[in-house]
Amino acid sequence: MNETQRNHYVESSAKPHFQKLLRHVFEKRLNISSHFEKDDQTHPTTTIKKYIKPILERNRPPLTLILKQTGIKSLNLNGLGVGDDYGVAIGACISDLDYLEELRLGDNRLTDGSIVTILEGVGGMGGLRVLELHENDVDERGAEALRVLLTSGSCKLENLTLDHTDVDDSECCLLMDSLCSNQTLKKLTMSNNLIGQGEALNTCQPGLTTGPEAVAKMLRVNKTLTELDLSWNSIMGDSAVELATSIRENSTLEILNLKQNSFSEHASQELGRSLIDNKGLKVLDLSYNQVSIRGAMVMATALKVNQTIRQLILDGNTIGRLGSEHLMSALRENAASDREFKLSMLECDVTQEDDTVFDSQFPTKPDPSYVPEPLNKNSPFPGYVLNLETPYGFMVASSLLHLANSKEGCKFTSIKHEYMVKSGRKSRKKTANIKLKRGEGGGVVDKMRLWRELAKTVNGLGNAAQKLEECMESCGLKPSEKILDYIYEKFCEKMDVEEDKISKWDEDSCWMHVLACVFEFTDKDGSGALNCDELLQCLAEIGVMPSREFIKQVIAEYDVDGAGEIEQDEFVAYMLQKYASTPPEDKPDLVEAKSGAVWQVPRDGVLYVEFLGVPSPPTADEIGSDEGIDSLVKNIMSAKDESDRQKLFEVASRDCKIFMTAVQAQRLVDEIKHGFQKIDAVRMLLPQLSNSTEAVRFVETNLDWEGKLLLRINLGQGWKPIMGMLSGHYDLDFTQGKDRTASKKLSEQATLENRFSQFESGRMDTSQRGNWENFRNGTVDGSKVGISSSFFNKAMGVGKVRFDYVCTTRPRKGTKAMGEGKFAKLLKQVGLEGGAYSEEPEFFQEHLSDGVIREHWLGWQKTTRRQFELDRALEEKKRLELLAQKKIGNGEKGGKGDKKKKEEEEEEEKKEEEKKEGGVKEGGKKEGGGEEELEIPPEPLPPNAFTLEIGEEEVVYVMPHFTTMAPSDRYRGFYCGMMAVETAITSKYLRAKQAWEIVKLFPEEEDGIRVEMAMVLFSRVVDIDKFGAEILDKLTELEQRELNWRLGISNLFNGVDIDRKYWIDLTCYDEREIFMKLIKLSLVEPNAMKFSYIEYRREWKTEIVPGLGINEKWLEDVDNVPNDMGELCFVYKTGGKTHMNGFYESNANNEARKELRAGCFAGSKRVF
């Protein structure tokens, strides 16, 4: 704009200029008006005339909204605010725009007065595809006009926008009625309206149809609408439920926006159930809809089976911890290589807890969310009460069925179904007790069958070359011709050199020979170790193509000195574990006991369920796919800021059903680089690793030595079960999250070990209570209890839980102990090459709380064998005192005879006292002469002893030497050394002799530290049958008793080397069983010294009686051995004789001892 033009607006000439323009416009308007009055052949009606004429009639200045060109395809008048006068003008001429496809009239202050005219004009058009009327006021007349338009046969409208148009329920009903028959509209936007506000009237007007109900009716029949936006309305209550259920019957709607409504509990559950059957919806927005924890769980269940949904938006809802965990699990399971799924949970409350909500991690927990008519007024049903007509009730029942079908230790203990049956016009309640059993089929794939056949061919019964390739392929290997030729050549060489040995080969020997050949084929330089590139090449020769990242993790698992290499024994162990291990049992589904039909959860009625659920490791279908992890990463990275990314990562790594491999976890760590230190990310992800092997690889790949030590401190007692170091003493506080995680991971492994011990190990029950459990010496808040895997299902409300756990999983076949060179490096790494720490190292002082050491020390002292004996004596004393009080009470209430007896006793006591007093006269002389005998005071008790009166006796109890008031500074150092060893040997195995080299570095009887160190190493010893001779026998007697108490004598007993001292508590199942076996053995070993130095006491209130022989009745029948009370100490010695030539002939019955060993833990079955 130049200066002259600018002066027209700001200088003195501005006003005259404006008046001149105004006169010009008015004159022009008069000319135009007179021009439009003529309407004949000379002056035909045009589009412009139709547009201008209504404007002039309303005394409004004409605006250039409609151009002369009638061939335009899009008319965009959004946001001009022209009002009804111009709207009528537009309506008058719109039908002349034959080529118009898009008409945008949003935000123009239009009302029904002009909207009706426009819609009538649009009705005459044949090509309009898009109509935008947002931010205008559409009332009943306008809605009716829209209905007429949408039902007309000429309507081609595909996109209709009506947001911010004050559409209420009645107007919505008119629109939805038209869409029931409309076959062109694909997109409808009706956000920010009044739809659903009529729901409140349903109470007094039951026949009222609300807007959402009309939408539901439309969705059930409409086959063309693909996108519907109903956000920012008032959809709630039954109307929301009706809308949610209609989604089940619709297959064409792809995008549904329900943001900022009020779907809440029931409607969100119904929507989740609808998603199970829906086959068309791709995007669902339920942001800020009061979606509950149960609603989120039902949706998560639906997402696991829905194959079309691509995006679910749940921002701003209170979905709680369980809801978020289920959704993240669904995110992982829904993903696939051919589709991408996005889940948004921004600003959601993912921390809220609700104890009434079903938690599949603890499935025995009752769910009181639905309380039907009670079965017994005095005793409410203790299990699940599930209303199957609600989505949540059906989901819980389905989840329980899935657990029972797939999880070890999970089963229904009772099922009762109540449902209504129509009989004529009436309905009556019927009850059915459902009995289930495991269907036929399933079982475990026998990978070793072909290898057994190969062993026979090697032994001369066939052609080994023909079987070799078939065996390797049966385990998922595809060897090259070169490697097959090399292996066969090595077979032939061994046949020539070691024919006698090969004739005794079994499938294990064949496996290990094949793998050794594969290793040697790649190890061209004969170094005995392979680096990353060589290992990749080695695996490629047998058809395995892992990623480089995976190979680095495998090497890191075994690498002690950081050389980045794997040795032959380690390679063989890895391959056996990976490719020769027995796959999980394929369990058939549960079927009805009578009919044999596969049982499915009913859809109606109420289900009363009692369910036993024991924690167990993840099944194969719970371990995430690579696509699932990719989807998880994309969703986390798509968060709007760093804070939201951190929240999503925490939800994904929290205690939920998302399990992953080390490679997948590494992908998460690499992608989520900001907001977390690496050690924090590793700590959060570790519990979600599928097994301890994957956890070890993950840790070894990401952390150096100090990082691992710090992780060990941060995880607390969760380190042992997560990393596969199960044996040891546990002191858990269930108010702490990491201790709850520790109990969960431990109980999962305990379930597996229990099952294997019972059904596959081939050995005796070595448990303390005869229940095949590996938990020992359990206490809860100081009270003795029996701990089992199922205990942790209901342990959330308890406080301090202390117990010992003994790992009964033997090292896999082919596992080799560390070589001496690597063992020396391990001692150097943990700083024990010069002996145990004499004081707490600086690193531990900085990172390890003093309270942690003290609590652990205190928990150990409170569960020693001596403390247990003391507690039992105190219980006996209390029992006797109560019994005495009861007798006294009965005496006071007795008759004359009791009273006379009491008087006689008192008289007798009085005479006795007088006799004692008369025995000493004045001057210190006794009657009858002689000096007075002075009473010698008893010797004072040591500070760690006390007197306990039991019955009429006084028993002196001496506390163990290592019981003091607080841990010493020396103990703190030793404890830190033990933690360092725990950290270093997670993936390493030792010989018993090597384990002793570690144990003996710690001092004798220093608060039990050597006993606990031996416990830690127990599950890492390969030659466990030598544990007794190499470790147990070298401890002090006090330590031996304590180690037997902690690990169980039956787990240390190998059945062959049995000559030693035994302490037997006949009330302990395993100790009594060992004693009975020794009795049986003594009967078949003649002339043996057998039992000697026997000490026995029948009851705790009696003193130990030394020098007794074995009760003859026990020898006649071991069932005569008491099992309710008794303590026995003896030495078993085989005996024998020395001949003249110096040869010693033992009296041992070797066959009987071999048979005995086969039933012990040392002889239990080992698997690949």
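In the predicted model, helix H27 (residues 705–715) and helix H35 (residues 969–984) have axes that come within 10 Å and cross at roughly 110°. Helices are DSSP runs of H or I with at least four residues, numbered from the N terminus; axes are lines fitted to C-alpha atoms over the stretch in contact, and angles run from 0 to 180 degrees between N-to-C directions. H27 and H35 are therefore roughly perpendicular to each other (65 to 115 degrees). The crossing of H27 past H35 is right-handed, that is, the near helix is turned clockwise from the far one by less than a right angle. Contacts (heavy atoms within 4.5 Å) join Trp-705, Lys-708, Leu-709, Arg-712 and Ile-713 of H27 to Met-979, Ala-980, Glu-982, Thr-983 and Ala-984 of H35. Six nonpolar, one polar and three charged residues make up this contact; Ala, Val, Leu, Ile, Met, Phe, Trp, Tyr, Cys and Pro count as nonpolar, Asp, Glu, Lys and Arg as charged, and the others, Gly among them, as polar.

Helix H24 (residues 662–671) packs on helix H26 (residues 692–702) at an angle of about 40°, the axes being 9 Å apart. That angle makes H24 oblique to H26, oblique being whatever is left after roughly parallel (under 35 degrees), roughly antiparallel (over 145) and roughly perpendicular. The crossing of H24 and H26 is right-handed. H24 contributes Ala-662, Ala-665, Gln-666 and Val-669 to the contact, and H26 contributes Glu-694, Arg-697, Phe-698, Thr-701 and Asn-702. By class, these residues are four nonpolar, three polar and two charged.

Residues are numbered from 1 along each chain as its sequence is written, and side-chain values use heavy atoms, without hydrogens and water. Local features need pLDDT of at least 70 and side-chain atom pairs count only at pLDDT 80 or more, whereas totals for chains, interfaces and linings use all residues.

Definitions and conventions. Helix = DSSP H or I, 4+ residues; strand = E, 2+ residues; numbered from the N terminus.
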